[in-house]
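Subject: Handing over the structure, with notes

Dear colleague,

I am passing this structure on to you, and I would be grateful if you could look through it with the notes below beside you.

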Amino acid sequence: MSKVLIRDASYDYKTLKPKIFEIMDSLGGDRIQRDSRVVIKPNLLAAASPEKAVVTHPLIIKAAAEYVLEKGAVPRISDSPAVGTFQKILKESGILNELQGLNVEYKEFKESVSVDVGKPFEKIDLAADAVNADFLINLAKLKTHTHMLLTLGTKNLFGCIVGLRKPEWHLRAGVDREMFAQLLVKIYRALHPSMTIIDGILAMEGQGPGKSGEPRHVGVLIAGRHAPAADIVVCRMLGIAPEKVLTNKLALEQGDVSEAISIDGTLPRITGFKLPTITPVVFGPEKFHRFMRKHLIQRPECNDELCKLCGECWKYCPAEAIGHSKKKLHFDYDQCIRCYCCIEVCPHGALKAVETVTGKLTRKILKR
Ligand code: SF4
Ligand code: SF4
């Protein structure tokens, strides 16, 4: 039976550090040795200060790093950010500052190794450092996700797909949410992190996971050896059926985890947690997908007042569906595959998914 630990916590380092140490001890961290290759994988989605709740809080990363150092190993902090440079994110999120003076290595995931994850994806390229780590410490953030409902421990490992391969995978698997969830579960299975700690102290609700989401104080750390078990417990805490997060549904169906989870600690009940508006899954015969995508499914729209024309969205868009003049963005909705990566990567919260008139009408009729 999987065990999940819940601890009340705050970012007061004096109290946070012993809690992280106790969690890591309970999850087998005491097996780390001087020559262990230890990789810490936080959520470093984009450059943002810790109060925005976009990235794993630097003090959680610091406590995990100090734990590893105490065992005699040198931790390596790695990710392959969706947007912006690794260095900029480390700086703006406060990580460099908080970890100043600690003997840690920072290394962006750049080299990949091919891992056969089985059908339907077969071989996928994963960060070599994550694959080869003796201890992969998964430090996720509790956030909403407009595509996957929540981003927790399992989804955090998508960052182990290196840089430019990410949009390609979004393009191949991201249109169909269940297919994308299947990819995430396969990545989890291939990497099988030694432990997952979810930073739910300052979580994100609303239209996450980027700056369009709203920080929400929840005040907990949720941790376990099995990321899907920790994710399921987060759902229970928020009053969400665990299967609504598709990675949980698949992990349960495929035996990665069972519903019988032993909980160590007190599970708080969080009420009124604002979930994002989720895009309906593409359905029906293949030939109607294009029509449905164009007319029924929410499309990205830009708030011109917030847009700084920084270019992150059009550089990232896997379908090359975003053009721009000197003054504003233009979307080619025929090209757009509704992966919502642009919303995720916009550093200014200028993009959101908006219902089409036809989509609204159709849903009203179907409800009746
Ligand atoms: S929508 Fe966001 S990411 Fe795109 S150009 Fe504007 S500010 Fe940059
Ligand atoms: S415009 Fe946005 S939602 Fe559409 S394909 Fe590009 S990144 Fe995805």
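How many of the 12 residues of α9 are buried? In this model 10 of the 12 are, so that helix α9 is mostly covered, where "buried" means that 20 or more other C-beta atoms lie within 10 Å of a residue's own, "exposed" that 12 or fewer do, and "partly exposed" anything in between, with C-beta atoms placed from the backbone.

Before going further, please keep in mind that this is a predicted model, in which local features need pLDDT of at least 70 and side-chain atom pairs count only at pLDDT 80 or more, while totals for chains, interfaces and linings use all residues. Residues are numbered from 1 along each chain as its sequence is written, and chains are lettered from A and ligands numbered from 1 in the order in which they are written.

Among the buried residues of α9 are Ala227, Pro228, Asp231 and Leu238, and just after the helix Gly239 takes a positive phi of about 75°.

Helix α2, residues 58-70, has 13 residues and reaches 18 Å from its first C-alpha to its last, close to the 18 Å expected. It is likewise mostly covered, with 10 of its 13 residues buried, including Pro58, Lys62, Tyr67 and Val68. What covers those buried residues includes the helices α1 (13-26) and α4 (95-98) as well as the strands β2 (38-42), β3 (75-77), β7 (135-145) and β9 (195-206), where contact means that the C-beta atoms of two residues, placed from the backbone, lie within 7 Å. Just after α2, Gly72 takes a positive phi of about 100°.

Helices α8 and α10

Helix α8 (residues 177-191) and helix α10 (residues 246-253) pack at an angle of about 65°, with their axes 8 Å apart; axes here are lines fitted to C-alpha atoms, for helices over the stretch in contact, and angles run from 0 to 180 degrees between N-to-C directions. On the side of α8 the contact is made by Arg177, Glu178, Ala181, Gln182, Leu184 and Val185, and on the side of α10 by Leu246, Thr247, Leu250 and Ala251. By class, this contact has 6 nonpolar, 2 polar and 2 charged residues, where Ala, Val, Leu, Ile, Met, Phe, Trp, Tyr, Cys and Pro count as nonpolar, Asp, Glu, Lys and Arg as charged, and the others, Gly among them, as polar.

In α10, Leu246, Thr247, Asn248, Leu250 and Ala251 are buried, and the buried residues of this helix pack against α6 (153-156), α8 and α9. Phe180, found in α8, counts as buried because it has 22 C-beta neighbours inside 10 Å.

Backbone features

Most residues other than glycine have a negative phi, and most peptide bonds are trans. Leu149 has a positive phi of about 75° although it is not a glycine; it lies in strand β8 (residues 149-151) and is buried, with 22 other C-beta atoms within 10 Å. His192, in the loop between α8 and β9, also has a positive phi, of about 35°, but His192 is partly exposed, with 14 other C-beta atoms within 10 Å. A cis peptide bond with an omega of about 15° joins Gly208 and Pro209, and Pro209 is placed in the loop between β9 and β10 (213-224).

The two ligands

Ligand 1 is surrounded by 13 residues, of which Cys307, Cys310, Glu312, Cys313 and Cys346 are the closest; a residue is near a molecule if its C-beta atom, placed from the backbone, lies within 6 Å of it. This shell divides into 9 nonpolar, 2 polar and 2 charged residues. Around ligand 2 there are also 13 residues, with Cys317, Ala319, Cys336, Cys339 and Cys342 coming nearest, and that shell has 12 nonpolar, no polar and 1 charged residues.

With best wishes

Key. Helix = DSSP H or I, 4+ residues; strand = E, 2+ residues; numbered from the N terminus. Expected span 1.5 Å × (residues − 1).
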